Structure formats: structure tokens, C-alpha cells
Amino acid sequence: MNTITDIDENQNQGLIESQSPSQPQTNPQIQTQARRPRGFAATAAANAMSPTNTAVGKGKKEREKEKERTKLRERHRRAITSRMLAGLRQYGNFPLPARADMNDVLAALAREAGWTVEADGTTYRQSQPMQQLATFPLRSVDSPLSTNSLKNCAVKAAVDCQPSVLRIDESLSPASFDSVVIPERDTRSEMNAGTSPINSVECLEADQLLQDVRSGEHENDFTGTPYVPVYVMLPTHVINNFCQLVDPELIRQELNHMKALNVDGVVVNCWWGIVEGWNPLKYAWSGYRELFNIIREFNLKLQVVMAFHEYGANDSGDVLISLPQWVMEIGKSDQDIFFTDHEGRRNTECLSWGVDKERVLHGRTGIEVYFDFMRSFRTEFDDLFVAGLITAIEIGLGPSGELKYPSFSDRMGWRYPGIGEFQCYDRYLQQNLRKAAKLRGHSFWARGPDNAGQYNSRPHETGFFCERGDYDSYYGRFFLHWYAQTLIDHVDNVLSLASLAFEETKFIVKVPGIYWWYKTASHAAELTAGYYNPMNQDGYSPVFEVLKKHSVTVKFVCSAPSLQDHEALADPEGLSWQVLNSGWDRGLMVAGENALSCYDREGCIRVVEMGKPRHDPDRRHFSFFVYQQPSTLLQGTICFSDLDYFIKCMHGDITSDLLS
């Protein structure tokens, strides 16, 4: 050991001498102590020589605690933001997206205050009408003097003028127009420069000012807008219950009037209760063949609705088209094939979705019956598909052909704006519910809510739909999810077989406009209809995902406000905004159909603005529109001038001379 130590010391001494020959030699013992310790010795030495080590550890703990406090503050802030957004949606009718940020909130508040907010964030008030600005003889933007002054100012002061666009506040009176100034400008320097009041307005280009001033001159001018085809729904009674065309000459006159109005095509309901009305798998198409041949004479496009629902029981007319008679006979012995409410009352408008996969229809399931009907239609009218006369097939998926439960039926005593009732108490849907509850691990949840009120109840009158009601409990969320999923499964099953029956054919699905109680937290009317769309959840997203799977065109029923909307907390605009954007955001084609009469000029404009949004940066619009009429055009229910105006607006060829 001494030898090794001597060697190390001699090596170290030699190294020091070679590096610093001029320095005197040091004691070997001192040199050995100067070596840097390693390993555990280094750690111990560091601890011994660092009296502030304890303070450093405490600082690290404080930083960790501060991070946790920051997280708690952020969660608290988000919770407050969530409540604020919920309140704005529920009580303020603000169409905020599900994940709204402060930009969305500010834009909504600005629009509520009367400002216009564009997609890029540009915010301004609408310009004054041209008639008001024309009262300024010295400041008329149409005069050559003012136009040249604006252009000269734009060239002269382009260096020190900020590039902005003039927006004239609606609150400015004509007398105050000359006093318009721009904030944060040195008015004294402008006065010394000899600029006139009109030239002091940000050195605006004349073309920009003219554009802003005239922006509201032709508010309803749709010239040059996208072309939206217009179809007209033919009356139901053109085909009788024996599948015979009632009055061919009246149909020709009707189609002749449509052709004169430049209608693009017609929509015909093909009723299951008529075609397969008497015996299963026995289809009668003669009346529809004659009708389609007449439509071909006028070179009009044709959309056909596979109508698997009942018609006429709720109307005052004498036309009644029920489900096939052989189906009604089965229903006498097995009433559970129909939808059933909480009191056990049966609704015969359409078959319950509980029999979609139950062989209770003479050995066939519900979806097999629909498939056989569609396959027979495709085979019978193959020549019309080949010729291109039939452009689309609409698949009926519920009452009135709409994708919904029959939750608010007139025959059950429902009156607007009642919330409706859940329709899941037939034996087959109850079996499905018990299976779902068992899989969830809570068999006692296999029941419908017992505090959901009656057809004409209001949400606040029930324990289920009221503010913070049971709809948002663990059981409520389970039940509503199952109820909505049953609707989605029905859509998927029927469309899957429709794709086999109609290859390379465009499908249409009609989505209802359930707008009453939209401003409440629960959206009760939508929940009973099968759309799990409360305030804190998007119920249309999963439905549209299935429709996207089958490349379906969504036809939204555009509803007009009722006289009682102020009592029903209704919001047709908010609902349409959600539904249309949900479809467009998924790349789906979206169309429209009127639910109520919109035969006046104001109603036409409202529908056109919905189908052609003015400020949509993506320029999205309806792919077509179906005009639904209560009677034939020849009976004079519709004002031809208004219908002609509506069609021209949809086609995009309306001109200003038609607005008077």
C-alpha cells in the first residue's frame, strides 16, 4: 500500500511540475487532500458544505404547492365559465358552441347589442341606409367632389393613415354626421393641416365607403347566390287506397302550373299502407306507375318517399291512410307491435322499433318488411332509375316520416307546447331496456321514469325535466342514453338494408324541428322524441354520425314560430343553427322543408336566409328545398306571386325590381 501511495504522489507531483514549472513544489500530503471526492463521499461532502440545502428543499415544496393551488384556481375558473356559458345559452338564447371560448362569448354579446361580427373578428355596426345619407348635400358620397377628395386623401396621407374601414354608427343622427371623428387622433394637427371633416375620416377609399353605405340597400337581393333546387310535395290524395290515380287531368294542370313557376321537381309519398295494404308480399304499383309517367311528360325530377307511417288520422280531411290491413290485424292480437306510452295507450302511427328484429309479422321482422317493400319498388321502377327520373329516395323512419318517436301525437291529446311522453312501454322495448340495465349492473333501472309528467305538461311541472331534475341523475342519464340509442339503432338497421335495395341512389332522412322548450336546461320535448340534447350535451352528433356512415342527405323541417312561443321558451333559430351546422360540419348534404305555412313574403325570406346564410365563411347552403302545401296549387291556397318570389330567391336570380 505504501508503494502505491508513493507512486500516486510522485505522479501527481510530476504532473504539477510539468504544468507549472515555475511554481515551487508542494507538500505531497497537502496535494492528496486536494483531490475531488467521488461517489457517496462526494454526496456527504456536498451535504456538509451546503448549509442552504434545507432551504432549497423547502423552496421546491412551496413550488409544488403553488402548482396545485394554480390548478385549483384554474378548475374553479373553468367551473364559473361553464356556469356563465350555460346561463347565456339557457336564458339569453346565445348560440354558443359546446366548447366556447371568450371570442365566442364576446361575439355573441356584440351581436346581441346590435353589432355585426364577421368570421375574421371584424366588428362594426350596420351602415346607415342610403336614403338617410342622401340628406347631406355637402357630404354626398355620390358627388364627384367628395369622391375625388377621398381618393386624394388616400394617396396624400397613405403613410400616416392606418388602413381601416369606415363603419357608420346607427346611433349617429344626420346632424352629427360631420362631427364623426376617429379616436386617438391629434385633432389639432388635422385642423392645422386644413383637412375637412369628411377627409379626416381615416383617409378612406371612396369605393370602400360606397360599399359600406350600400350594404343594406338591397337587403333581400339574392342575385348571384347559389342555386338551390325547389321541389313541391304533391298532395297525398292523388292516389286512393286501391292504388289508383284519382284525377290524371288535375295532375297535369297542377304540374303545368309548377312548370310555369320553374319548379325543379316534385316529391311523391309512396304509402306502405296502400301498396301492400291487403296481403303481405302482395304489392300494387299501378297508380304510381301512371303518376310517374305523367311526371315524366313534364320533364320534372322526382323524389319518392318510402312512407312507412300512417296519414290522416290527425287531420280534418277525409283522407285516411293507415298501416297495411294485415298489420292492423296482427296488432289486434299483439298490440305490443305499436308504440306504447306510460298509461299503456297504443299509437298505431308506425311500428315500434322493438319489433325491428322480432319475427312477429307473419314470420318477418320489422326491418325485413321494410326491405321487401323497398326492393319491390326498386325492381318495379328500374326503368325510371336508369332514365334518371328518380333522383333520390327518402326513407321514412318514424311518425310523419320523421326521425323521431311519436312522443307528441294529436290523437293522444297532445297540444303545443306540451313536452310529450316517452314511448317505450311495449313489451319488446321493455325487454330491451331490461337487458341494457342488466349489462349496466343496475337491474332496478329497467323502468321508465315515473315523474316525467303527461303529454301537455311543462318541464317545471315535472320532477324529471325541471331545473336540476332527474334527467341529469345517474339513472336519468342511463335511461335517456338507452332511449336515444334505440332510435340510432333503428336508423342504422333500416338504412343498411336500404343500401342493399337501392344501390348508388341518394338517400334522404327527414329530421324534425322540435324547437319548443329549447331554452330550458333539459330540452324536454327533444328528450321524449329521442334526441338526447340537454343543455350540456349535443344530442344530434351521434345521430348524424350514423347518417354520415350511410352518406345521407339531411332534410331539416324548418319550423315557423308559434304565437305561444314566449310561453314555451322556444328557439327555432337556435335549433336550426345547431342542426344545420352539425350536418355541415360532418360534410353531409343538408336540405330543408317547411313544416308550417310560409306563404307570405316575410316567411319566404326567413326560410331563404336559413338555407343561404349570408355570413357563412364556407358559403354553405341547402342542397334543395321541399315546398310542402296543404292543398293543390289550383285551389288557390298559395299566392302565386309569393311562391314565384320564393323560387327566384332560392334559384339566386331575384332582382331588385321584384322586391317592391
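## Cysteines

C243 is buried, with a relative accessible area of 0%, where buried means under 20% relative accessible area, exposed means over 50%, and partly exposed lies in between (1.4 Å probe, protein chains only). C350 also counts as buried, at 5% relative accessibility. The model is predicted, so local features need pLDDT of at least 70 and side-chain atom pairs count only at pLDDT 80 or more, while totals for chains, interfaces and linings use all residues. Residues are numbered from 1 along each chain as its sequence is written, and side-chain values use heavy atoms, with hydrogens and water left out.

A disulfide is a covalent bond between the sulfur atoms of two cysteines. With a disulfide taken as a pair of cysteine sulfur atoms within 2.5 Å, a search of the whole structure finds 0 disulfides. C243 is in none, and the nearest cysteine sulfur, which belongs to C270, is 7.3 Å away.

## Overall build

The protein has 23 helices and 12 strands, which are DSSP runs numbered from the N terminus (helices H or I, at least four residues; strands E, at least two). Of its 660 residues, 47% count as buried. Among the contacts with a separation of 6 or more, 75% come from residues 24 or more positions apart, a contact being heavy atoms within 4.5 Å.

## A nonpolar surface patch

L106, which lies in helix α5 (residues 102-112), is exposed, with a relative accessible area of 51%. Together with M102 and L109, L106 forms a nonpolar patch on the surface.

Key: Patch = residues over 30% accessible without salt bridge, like charges linked within 9 Å, V, L, I, M, F, W, Y side chains within 5 Å. Areas by Shrake-Rupley, 256 points an atom, 1.4 Å probe, with all protein chains shown as cover. Salt bridge = Lys/Arg side-chain N within 4 Å of Asp/Glu carboxyl O.
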